[in-house]
Amino acid sequence: MRQWLWIGAVLMWLVSDATAAERARPNILWLTCEDMGPHLGCYGDAYADTPNLDAFASKSLRYLTCWSNAPVCAPARTTIITGVYPTSTGSEHMRSNVSMPAFMKMYPQLLREAGYYCTNNSKEDYNLIKPSDVWDESSGKAHYQHRKSGQPFFAVFNNTVTHESQIRKRPHKAVHDPAKVRVPAYHPDTPEVRQDWAQYYDNITSMDRTFGQQLKELHDAGLADDTIVFFYGDHGSGMPRSKRCAMNSGLQVGLLVHIPEKFKHLRPQEYSTGGTSDRPVSFVDLAPTLMSLIGQKPADWMQGHAFAGEFDAGPQPFVYGFRGRMDERVDLVRSVRDQRYVYVRHFMPHKPYGQHVSYMFETPTTRVWKKLFDAGQLNASQRLFFERRQPEELYDLQSDPDEVRNLAASPEHQDILQKFRAAQRALAEKIRDVDLLPEGEMHRRAAGSTPYELARDDQKFPFARIRDAAELSSMPRPNDVAQLRTLLSESDSAVRYWAATGLLARQAPAVDASRAELTKALQDESPFVRIPAGQALAQFGNAGDQAAALPVLLELAHLERHGVYVSVSALIAIDELGAKAEAVHAQLAKYPRTSKANPPRMGDYVERLMEKILKD
């Protein structure tokens, strides 16, 4: 009898111990870096020297299809901090400063409410205005060691050594041999390109050493068995045609996740030590996953899907990317990926990938690449970056990992194209993609509210009409010029904006057929309609058209009169006109380049554009 009582007691102890383990809350540590794709030994890159990360991968789960959603830091980090697509909150544009709805919270707020000590060391760079109570500490001194005794922690340590700026830092003592670099098909094979790529890998090795030290610190503190550890970069590499480019080269990152045995009940179904997952995941999924790992259901307003923990949502078929304004250059791109294919949708196909973002042109690779393009010395794959784009692109990553062979027109791939096209369209509708509005127009309509809430007001934001106009504008079809001319009389200014943009993109024949409508549009109440109408007439019209259009563009370029969003758009048009706008350069040179009224994160964009225009 005593033996059975003893056995029963042992069983009860084992059950209670297991239950206690399930009730225990894990610490969560994110060790992150900047501007780095999956260029690691554990991802099969033989050129990489990353022993610490490779060892970590051998005891963790390695995700093969992880996207940052945005190919540049600020919107990527904005996606992470909310679990909401910036294209839904109006915060996709680089270094914007947007209000979010009062009911939304940044994930550290939610973790703190659950009792976690939350630290960030130290980069933030969010495009959403940060509430006052997000972190317990966010600074270069922030550390989980400062928490209360017994308090679970969430901590981020971000390594900046891999940032784009460090690729071009000179002098630099080379470690990786530039002669052994694999130059991707889209880059010219020059000494400058090889050095930049080799230096990028040198920086990754430096980051790897710091990663090893951070893991050792966790182990030495006796916390390794109680802590879930994530590693990832904040978007693709800092090389041109990666950073700022909403293709796989700019969006894919390595993601390594280690969930200790103590918390094996939180592991996703596919978890195995040293294993891989082909489940598509992205940054919008990180906040919901955090909530799931601490046993809380993700908020209904979060748009991502938990990929681990109690509320694992299961594999999703696609991940999604986007590009909006990058510093001083306007663009609108949406992309979709599954395990094999990448689909890219350009809403401004008349603009090249390689628009002149001044910060990007500080990299030697960018400068030599553009110089060779201007000299006509590039092959077809290398020219793509500076050429007019196709409205749709489709790439097979199995046969074309560098994404240089567009399959969108391939008869054998039409079913795949249609599937991805439908996925992109469905997400835009689901999240109410508010960035189909010009940035300044979005802010005007959202006055007194937020862009997210604006997007759900069909009176102020007739989504279907604007989306249809944007799609018509960017996708040439029979009789579309006549339709665009008709849309220039629509009541909604965003519809008229897309109509004028579509006629500009179709160049001389469309402008010639639409002269009367475009000339009338020079007097439109919206500056965002006047600008593409003016550029179309000045670029593809006759001398009379230019005489009518250039003063309109010049006037709208005045920063203090019209604000930064209008000024930037008008200056871009003047810059793209090149020699055809020389008549206004002398007067433009007298214009103010800065304004105290500028949003705080957009202080020098007008100055950059004016310097480029007047220098050229």
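**Entry 1: a term before I start**

Helices (H or I, at least four residues) and strands (E, at least two) are DSSP runs, numbered from the N terminus. With that in hand, I note that I am reading a predicted model.

**Entry 2: the second largest cavity**

I looked up which elements line the second largest cavity. Strand E1 (27-33), helix H3 (73-82) and strand E6 (153-159) each give at least two residues to its lining. H3 supplies the largest share, three residues.

The space in this second largest cavity comes to about 140 Å³. I count 15 lining residues on record here, and Arg 77, Ile 80, Tyr 107, Val 156 and Tyr 232 are the closest to the centre. Sorted by class, the lining of the second largest cavity holds eight nonpolar, three polar and four charged residues.

**Entry 3: the eight-stranded sheet**

E1 and E6 sent me on to their sheet. How many strands form this open sheet, and in what order? I find eight, ordered E5-E4-E6-E1-E7-E8-E2-E9, with mixed pairing. Strand E5 (137-138) and strand E9 (276-277) are the edge strands, and each of them pairs on one side only.

Strand E7 (residues 227-233) and strand E8 (residues 255-258) are antiparallel and share four bridges. To find this pair on screen, I start from Phe 231, whose bridge partner in E8 is Leu 256.

**Entry 4: the four-stranded sheet**

Next I turned to an open sheet of four strands, in the order E11-E12-E13-E14, where the pairing is antiparallel. Which strands stand at the edges? They are strand E11 (319-323) and strand E14 (392-396); each has a single partner strand, so one side of each has no neighbour in the sheet. On average, neighbouring strands here are turned by 15 degrees against each other, direction ignored.

I followed E11 to its partner. E11 and strand E12 (residues 333-337) run antiparallel and are joined by five bridges. Val 319 is a handy place to look: its bridge partner in E12 is Arg 337.

**Entry 5: two helices side by side**

I wanted to see how H20 and H23 sit against each other. The axes of helix H20 (residues 527-540) and helix H23 (residues 564-577) come within 10 Å and cross at roughly 10 degrees. Are they roughly parallel or roughly antiparallel? H20 and H23 are roughly parallel to each other, because angles under 35 degrees count as such.

From H20, the contact uses Pro 527, Phe 528, Ile 531, Gln 535, Ala 538 and Gln 539. From H23, the residues they meet are Tyr 565, Val 566, Ser 569, Ala 570, Ala 573, Glu 576 and Leu 577. By class, this contact of H20 with H23 has nine nonpolar, three polar and one charged residue.

**Entry 6: the largest cavity**

The largest cavity holds about 400 Å³ of space. Its lining has 30 residues, with Val 330, Met 348, Lys 351, Tyr 497 and Ser 569 nearest the centre.

Helix H13 (439-445), helix H17 (493-505), H20 and H23 are the elements that give two or more residues to this lining. Which element gives the most? H23 does, with seven residues. I also noted the classes for the largest cavity: 18 nonpolar, six polar and six charged residues.

**Entry 7**

Of its 23 lining residues, His 350, Lys 351, Pro 352, Phe 386 and Glu 576 lie nearest the centre. Helix H10 (364-374), H17, H20 and H23 each give two or more residues to the lining of this pocket. That lining divides into seven nonpolar, seven polar and nine charged residues.

Last, I looked at the largest pocket, with about 810 Å³ of space. I find 28 residues lining it, and Pro 38, His 39, Arg 182, Gln 252 and Pro 401 lie nearest its centre. Helix H7 (191-220) and helix H8 (248-251) each supply at least two residues of the lining. The class tally for the largest pocket is 11 nonpolar, 11 polar and six charged.

Conventions:
Residues numbered from 1 in each chain as written. Predicted model: local features only at pLDDT ≥ 70, side-chain atom pairs only at ≥ 80, totals over all residues. Heavy atoms only, no water. Axes fitted to C-alpha atoms, helices over the stretch in contact; angles between N-to-C directions. Parallel < 35°, antiparallel > 145°, perpendicular 65-115°, else oblique. Contact = heavy atoms within 4.5 Å. Nonpolar A, V, L, I, M, F, W, Y, C, P; charged D, E, K, R; others polar. 1 Å grid on protein atoms, 1.4 Å probe; cavity = no way out; pocket = protein on both sides within 12 Å on 5 of 7 lines; lining within 4 Å. Points joined across faces, edges and corners; volume = space filled by probe spheres on them. Pairing = 2+ DSSP bridges.
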